[in-house]
Amino acid sequence: MNIIVIGLNHDTAPIDIREKASFNGPKLEEAIDILKNSPGIKENIILSTCNRVEIYANVTDIASGSERVKKFIADFHRIPEDLLNKSLYVHSGENAITHVFRVASSLDSMVVGEPQILGQLKDAFDIALKMKSSGVMLNKLMKKAISVAKRVRTETKIGESAVSISFAAVELAKKIFEDLSTKAFMLIGAGEMAELAAKHLISNGVKDVLVTNRTFERAENLAREFNGKAVEFDNFLPALVHTDIVICSTGAPNYILVKDHVHKIMKQRKNKPMFLIDISVPRNIDPEINDIDNVYLYDIDNLHGVVNINIEERNKEAEKGEEIVDEEVETFLKWQASLNAVPAIVALRDKAEAIRKEELENTLRKLGNLGEKDVKAIEALTNSIVNKLIHFPTAALKSASEDTEVIVDIVSRIFDLNTGTKNKSEDPGDRGNDEKQ
Amino acid sequence: MLPIKTETLFFELALTLYFIATIIGIIGLFKGKKDTFKSILVLAIIGFILHTANIAVRYIEGGHIPITNLHEGASFFSWCIVALFLLLEYRYKIGLLGSFIMPIVLVLMLSSSMFPRGISPSLNPVLKSYWFGIHTILAFLGDAAFAMAAGIGVMYLIQERYVKSKHLSGLFQKLPSLQSLDEINYRLISLGFPLLTLAIITGVIWANTAWGTYWRWDPKEVWSLITWLIYALVLHLRLTVGWRGKKAAGLSIIGFILVIFTFFGVNLLLKGLHAFV
């Protein structure tokens with residue numbers, strides 16, 4: 001019973017390796033099937049996302065099991081082994097469990113706290129369940145990982161605030177307007193970041209989309225892409241009267257929107273709030289506009305400021321998440337250790353019962369004809385003596401605690417049991433060893 | 001004689017629960033979890049039930065609507081606010097609202113507890129009129145809507161501060177959006193204004209039946225009129241020139257200060273005909 005994790009992620013592998021190593025669609029089931037039939041690999045689950053590929057396995061032997069999985073990945077994807085090994089990490093024992101919990105809780109993600117990973121992990125688990133490639137150990141590991149992730153999400157604020165410029169813009173829009181589906185949005189100019197933010201706003205359901213550009217053709221193209229309307233650049237000011245959210249990103253060297261414009265517009269709008277986002281450098285909207293009532297102007301630095309605060313907040317929350325993970329790893333280890341005690345308990349019972357039977361038969365033979373009642377009395381006597389004697393070691397074995405392995409070892413030696421020790425790992429010391437290559 | 005009267009017991013228990021809810025609400029502003037706001041709601045509901053029992057017992061014992069002195073008035077006022085708070089929380093689920101409303105309720109209840117509490121057996125003859133019930137209940141329901149609008153207004157001003165200053169920390173995440181706060185504020189004033197209008201109209205009619213004149217420029221009447229004008233202005237300016245957001249929130253707070261002055265200040269500082277409540 002050894003859990004190992006072998007995989008690569010955004011930190012350890014460049015995108016081309018991640019692409020090559022991914023298990024998509026039918027490849028996934030094929031791979032699970034191959035691993036399932038590999039000797040020494042008792043259980044396996046494959047998690048494959050755009051940022052990571054990981055194989056969770058329960059192997060009979062850590063070293064040979066890891067080698068087998070590594071070789072499998074290389075062979076399956078036809079990646080030269082030495083190239084692949086540069087990107088792979090291998091965790092076993094406690095570190096493997098910690099790793100799985102951290103991945104599920106999104107503490108190991110590129111954007112800490114992003115929520116997709118948990119769903120992806122659940123999907124991977126579902127496929128393993130469907131293909132019956134996972135068993136007691138990995139099922140418990142997955143269920144626990146999912147509950148740890150939920151705990152981290154509810155007990156910390158890890159996923160609470162936006163950590164990208166475009167999400168921050170949407171989050172702010174929602175804090176100003178509540179319902180975006182009745183709001184009109186205008187994109188002034190173009191540019192990668194502006195278009196991304198525009199897309200986010202549109203996917204959050206703004207009602208009307210207007211696009212304006214000094215080159216009208218460019219405006220028309222973007223309008224088509226966004227399912228909106230193109231506005232002549234000379235006419236954008238009057239159109240602002242009916243616009244609630246503006247993203248501005250033009251190459252103009254000066255302000256294209258000044259206080260006077262907005263004062264007039266606000267009067268015509270009867271002071272309905274406006275949210276202006278200026279991501280142009282140099283700025284295109286006079287910063288003093290922010291002083292007008294019901295007008296909220298954010299420039300690129302302001303948005304960066306918001307994002308930075310949020311990232312700091314997330315990192316602080318991630319520390320709390322790590323504590324929760326540590327706590328849960330400990331309870332998982334206890335559960336695992338209590339499993340280690342089961343074979344020893346069974347062996348102890350079997351041995352005691354065998355001795356009792358043997359001695360009982362000997363004695364009964366020597367005593368000769370006894371009444372049925374006497375035989376029963378003697379049997380009951382031996383039973384109760386044996387049960388009472390093995391009660392104490394059994395209880396000690398059952399009480400799951402961190403020193404179970406030591407107790408299993410002691411009990412095994414004292415009673416000369418040979419089952420309990422056999423399928424345990426070679427040396428408790430190498431649990432949790434990390435080999436990073 | 002019981003050592004403590006039932007209605008007093010109900011009152012004190014309700015007051016205690018409102019007190020605890022206020023404390024939790026204020027702590028909740030600094031480190032609130034979802035449970036915090038749920039517990040405020042539960043405390044407010046139990047407090048409200050006990051409070052209702054207190055008013056019911058006084059009604060039965062006195063044989064008339066128990067809004068005849070400052071103790072009863074302040075108590076009924078807070079009862080209306082809690083009722084409206086529970087309705088609003090049910091409808092909009094604002095969570096943080098309790099942190100801003102329960103302090104108002106607590107202050108009113110504490111002041112109520114400091115006024116003489118006797119149930120007057122011989123009712124002022126002026127109050128023996130069905131206009132009395134209609135007028136007072138309308139007035140307090142309207143005032144409760146204004147109290148709520150003021151609480152929402154404070155929340156608006158705080159949230160507006162966050163968005164304007166671009167420091168999106170603290171309560172920013174927990175407070176509702178500016179638009180919904182502004183809308184709720186507007187709806188509350190649109191609810192309170194007709195109630196206050198009707199209260200003044202019924203008051204005028206009642207004055208005529210009781211004293212033979214419609215309007216005597218009594219301080220209570222004057223201050224009610226000023227309050228009415230303020231809220232009329234709030235609504236008028238919003239509809240004509242779009243005085244919304246910060247200005248509307250600010251005015252709704254000023255309006256509520258006037259409400260409170262009309263209620264307590266006039267009775268305690270300026271003596272007039274309207275000497276009961």
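1. Let's start in chain B, with a pair of helices. Helices α4(B) and α5(B) cross in a right-handed way. Bear in mind as you look that this is a predicted model. In chain B, α4 covers residues 97-114 and α5 covers residues 130-165; their axes come within 9 Å and cross at roughly 135°. That angle makes α4(B) oblique to α5(B).

2. Which residues make the contact between these two? On the α4(B) side, look for B:Leu97, B:Phe100, B:Ile101 and B:Ile104. Facing them from α5(B) are B:Ala147, B:Met148, B:Gly151, B:Ile152, B:Val154, B:Met155 and B:Ile158. Sort the contact residues of α4(B) and α5(B) by class and you get 10 nonpolar, 1 polar and no charged.

3. Now hop over to chain A, for helix α5 (residues 93-104) and helix α13 (residues 300-367). They pack at an angle of about 135°, and their axes are 9 Å apart. So α5(A) and α13(A) are oblique to each other. The crossing, where α5(A) passes α13(A), is right-handed.

4. Zoom in on that chain A contact. From α5(A) come A:Glu94, A:Ile97, A:Thr98, A:Phe101 and A:Arg102. From α13(A) come A:Glu322, A:Val325, A:Glu328, A:Val329, A:Phe332, A:Leu333 and A:Gln336.

5. The crossing of α9(A) and α10(A) is right-handed. A:Glu195, A:Ala198, A:Lys199 and A:Ile202 of α9(A) touch A:Arg218, A:Leu222, A:Glu225 and A:Phe226 of α10(A). The α9(A)–α10(A) contact has 4 nonpolar and 4 charged residues, with no polar ones.

6. Next, have a look at the second largest pocket. It holds about 420 Å³ of space. Its lining is made of 20 residues, and those nearest the centre are A:Ser161, A:Ala162, A:Val163, A:Phe167 and A:Arg314. Which helix gives the most to this lining? That would be α8 of chain A (residues 165-177), with 5 residues. As for class, the lining of the second largest pocket has 6 nonpolar, 7 polar and 7 charged residues.

7. Two spots in the backbone of chain A deserve a glance. As background, most peptide bonds are trans, and most residues other than glycine have a negative phi. A:Val281 and A:Pro282 are joined by a cis peptide bond, with omega at about -5°. To find A:Pro282, go to the loop between β9 (274-278) and β10 (295-299) of chain A.

8. The other spot is A:Asn271. This residue isn't glycine, yet its phi is positive, near 65°. You'll find A:Asn271 in the loop between α12 (259-268) and β9 of chain A.

Methods: Residues are numbered from 1 along each chain as its sequence is written. Chains are lettered from A and ligands numbered from 1 in the order in which they are written. This is a predicted model: local features need pLDDT of at least 70, side-chain atom pairs count only at pLDDT 80 or more; totals for chains, interfaces and linings use all residues. Side-chain values use heavy atoms; hydrogens and water are left out. Axes are lines fitted to C-alpha atoms, for helices over the stretch in contact, and angles run from 0 to 180 degrees between N-to-C directions. Helices (H or I, at least four residues) and strands (E, at least two) are DSSP runs, numbered from the N terminus. Angles under 35 degrees count as roughly parallel, over 145 as roughly antiparallel, 65 to 115 as roughly perpendicular and the rest as oblique. A crossing is left-handed if the near helix is turned anticlockwise from the far one by less than a right angle, and right-handed if clockwise. Contact means heavy atoms within 4.5 Å. On a 1 Å grid over the protein atoms alone, a cavity is a set of points where a 1.4 Å probe fits but cannot get out, and a pocket is an open set with protein on both sides within 12 Å along at least five of seven lines; lining residues have an atom within 4 Å of a point. Grid points are joined across faces, edges and corners, and a volume is the space filled by probe spheres set on the points. Ala, Val, Leu, Ile, Met, Phe, Trp, Tyr, Cys and Pro count as nonpolar, Asp, Glu, Lys and Arg as charged, and the others, Gly among them, as polar.
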